[in-house]
Amino acid sequence: MNEKPTRWEYITTFIVLALCAYWAWYDYQNDPDKKIPFEPLIAVVGYIIVLLGYLRWQKGKGDPSDGVTPSHAVTTNQTAEKIYNIESVKEGHFGKTIKDSENTLVDTSISAGGNVDIGNKTIQTHIENQYIQYGDLKIPRYLTNPPFDAEFFIGREKDLEAIENHYQKKEKLLVLVNGEGGMGKTTLAAKYWVQHQVRYKHLAWLYSDSGIGSALVGLATKLKIDFDPTDDEAAQIARITEGVNNLDMPCLLVFDNANDKADLEQHYTTLHQFNPSCHILLTSRVSEVGDMRVHKVKPLDKDHALKVFKKYYPDFLDTEGDILTDIMHAVGYNTLVIEVLAKNLAVLNKFKKQYGLADLLRDLQQKGLLAVKTQPVKVVYGSHILRNEKADSIIEAMYDLSALSAAEKYLLSNFAVLPAENIPYNTFCQLLQVPDDADIDTPLSNLHEKGWIEYRPTDKDFKISPVIQEIVKVKNKDTLFEDCKALIDTLIAQLKRDIIHLDDYQQAAIAARYGEMVLNALTIPHWSLHVLCDRMGYYYQQVGNLSQALAIYEKEWVIIQRLMEVSKDDADLKSSLASTLGWLGTIYTSLGNLDKALGFYEEDIKLTKELYTAYPNNVDFKNNLAISYEKLGETHTSLGNLDKALGFYEDYNRLEKELNAAYPNNVSFKNGLAISYQYLGNTHTSLGNLDKALGFYEEMNKLFKELYAANPNNVDFKNGLAISYSKLGETHTSLGNLDKALGFYEDYNRLEKELNAAYPNNVDFKNNLAISYEQLGNTHTSLGNLDKALGFYEDEVKLFEELNAAYPNNVSFKNGLAISYEKLGETHTSLGNLGKALGFYEDEVKLFEELNAAYPNNVSFKNGLAISYEKLGSTHTSLGNLDKALGFYEERNRLGKELYAAYPNNVSFKNGLAISYSKLGEMHTSLGNLDKALGFYEEDIKLTKELNAAYPNNVSFKNGLAISFAQLGVFSRDNLKDKPKARIYFKQAEVLWLELVRDAPQYVQFQKFLGMVQDILKSLD
């Protein structure tokens, strides 16, 4: 009976009413006697009465006074609302409240949160364990952990009512405001959550210290939202907003500590884009932001403040009431300060009265209060006027009067630089390196009793208020660093490079987070802070968080520069500065900003050369110079300057050889030498010198085998050995030794699988595993095992998609994903799935266009884009879209010309340009432009002849030349009708494929081509 009428029922009612009214008017107008038409008039009046009755029903339905308020929570002392899942109601007897109703529900199933009293039965449920099903997705009601519910809550009942009234007025957004910390904004918001949680379908408590946007993005996991690789923060926030709006309503979002005005303004529109039934509650020190409704959380009134004080200081005497009133005024009725003052008095006067309220007030008058609000307060006592002071003077006095011991101050200093969150007792002792026989329990207990820290006996953990943290930092500023020295040393040790992997970075992650707090708290530069930065930066690199690594290295850079202002000639500081510059270059290289990276590397090598020249016998300086050469070599390789790169790599190799010869037991120097061989091999591979490259890779493999055998638990050596297998596989592939190559690739894949399984959070291992799948796919493609190849490529794509989604700013992962799409496209092309292939090639082009646009100086990305255009051209050719294909081939040729002109010694670019000429020749042949086609074929064969002549052992170049001859043969036979010339070209192709089949018999492609050309030669006889 109480179901809301549908829209069509409304429409039908009004139509009938209108027809009846027209009926009455028509009869009246056409009646010559002008008699009142009673029948239609009665119908009109009847419908009007029905409408008035409905409106009254609708009004009563939303009236809280009738005892049914849909938006109220179902509790034992509140009005009942909808009760879901009641299968049957027998002999119903509902009172005004649910608790008054007995014997009402029979065989029912009730969905509710919290404990619900129904008649004489109590149903206990746990809202935090509930989920709501959305199709295939199960979303928890609690999207975050619930807030802390203060046991002692007093004097805020009217505030709770004000919040409730605000939402009853259909105003979804409210800000709890007070510019002073410690007034109880968070406690009030938490109490509202606890009292009203049952009404909401979903709830989230979001800590907004790092920004509203970051807080919202943190909901992605619980909302089952996956971000697109290209999503920036704004797009991610938009997806979260949409996800929340698609939930069942009403919902509650609480943004705690939204104290950044600029951040509030930035997300002003976002907060207004949530569903009107999504209630938003913010706690903030910002008093005004646009037209957001605010509720001022005022200080406690005198009576309630007195109750708070008595709660924590029960020995208070009624005769001291006037003095207490003046103290309350002095501290601005700040709830937190009142509590801390009372607790301290309780501890100080635990056994005898030695410090009374009069003493406290006198100290306040003489010493002042450290304010938690920015405006001065007038402190009045009786007829005497206290000086006009800011609150900071009062809290400062509070710390002075507490007479903390040295041990207590020491512990507070450490709490002050750690996160303001619950820290377990054992963790705290471990961080401070507390000896087993040391008495830490007494000062901790004292701090808890005096009110400086909170203690939860159930979990045995401690927590300090952020307000008190700031106080301690100021009060202990002269001793803060020394007090925290053991903590800093612990964090440095936990971030040591050879142990951060051991528990899959769990301990390192905590240490890095604590380290950030320490670095923010300690503003005076010190050597150990520089070391902490260095360790943290390396950790963030290992887990792929490049933006955080960059921020830490920049902070380290500032610390070292400030230290050098005092000690300009300190060689160790200069060496540390060079190392930090090198790391900054590494990060910018990973981010694709090669120009910046090169600048940092050049500054790095300038300093390392000065140090090595001044201290030629210092092995660390020598090793650092070698690493500087390595970094410059990497950057010039990425920029396409292979000659420069080769020179730097040779310098790197020379220094590492000297170090390894002088210190053969130093595994670091042996590792450096192995890596130097890898870079020499890479460069000679790019220059087409495969025999030289093979020699360097074999040296690399030999050294890493020795290192791994001697240090089997060292993951870096294991990873180095895996990479050496990869490099040997690549070289034997180019030399046509597919059996050998496959064996090396399988070894590479096996080791990377082990590393990735043991350390799934290490992005380098995951990246290498993806590459190993690609190399296995390539080899099985060459062997003709397309199904196997397809499986490996699909595994590769899966890993690169995960990496790119998690770290969208890492250009290496985006580049890897693009290449993996290309591999899938090639395989589906070979399998005849041109539609699928086209889709993958289009995805590849999109990624390479983004990379090339963002980093136009990176030749690798430009070359990748050129190849992707070629793939699209080939596919559109197969699909018969010749005009589209020609456009892509011309773009590929244009980029190939630019690359080859800029880097004529890069054989890969030269080979790519040759292929582009071949493709243009094919296209213009199909279009009937024979002169153009012949010209392109001749350009192609010119380049392929040069490549084969210079690198006769490279099977790829020899195969390319054979294809060029075959194309000219087909062109001469079919288009020029010159069979003798065609026979010459086909014969030259046959000779080359005979050599390839002989020297590389595993390549099924070579055998296939040989058979085809031999059949053609027979047909020409």
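## Helix 4

In helix 4, the buried residues (under 20% relative accessible area, with exposed over 50% and partly exposed in between; 1.4 Å probe, protein chains only) are Lys-185, Leu-188, Ala-189, Ala-190, Lys-191, Tyr-192, Trp-193 and His-196. Helices (H or I, at least four residues) and strands (E, at least two) are DSSP runs, numbered from the N terminus.

Helix 4 covers residues 185-196, which is 12 residues. The expected span of a helix is 1.5 Å times one less than its number of residues.

## Basis of the model

This is a predicted model, in which local features need pLDDT of at least 70 and side-chain atom pairs count only at pLDDT 80 or more, while totals for chains, interfaces and linings use all residues. Residues are numbered from 1 along each chain as its sequence is written, and side-chain values use heavy atoms, with hydrogens and water left out.

Strand 13 is joined to strand 14 (residues 461-464) by 4 bridges. Arg-456 has Asp-461, in strand 14, as its bridge partner.

## Cysteines

A disulfide is a pair of cysteine sulfur atoms within 2.5 Å, and by this rule the count is 0. Cys-429 counts as buried because its relative accessibility is 13%. Cys-484 is also buried, with a relative accessible area of 0%.

Methods:
Two strands pair if DSSP finds at least two bridges between them.
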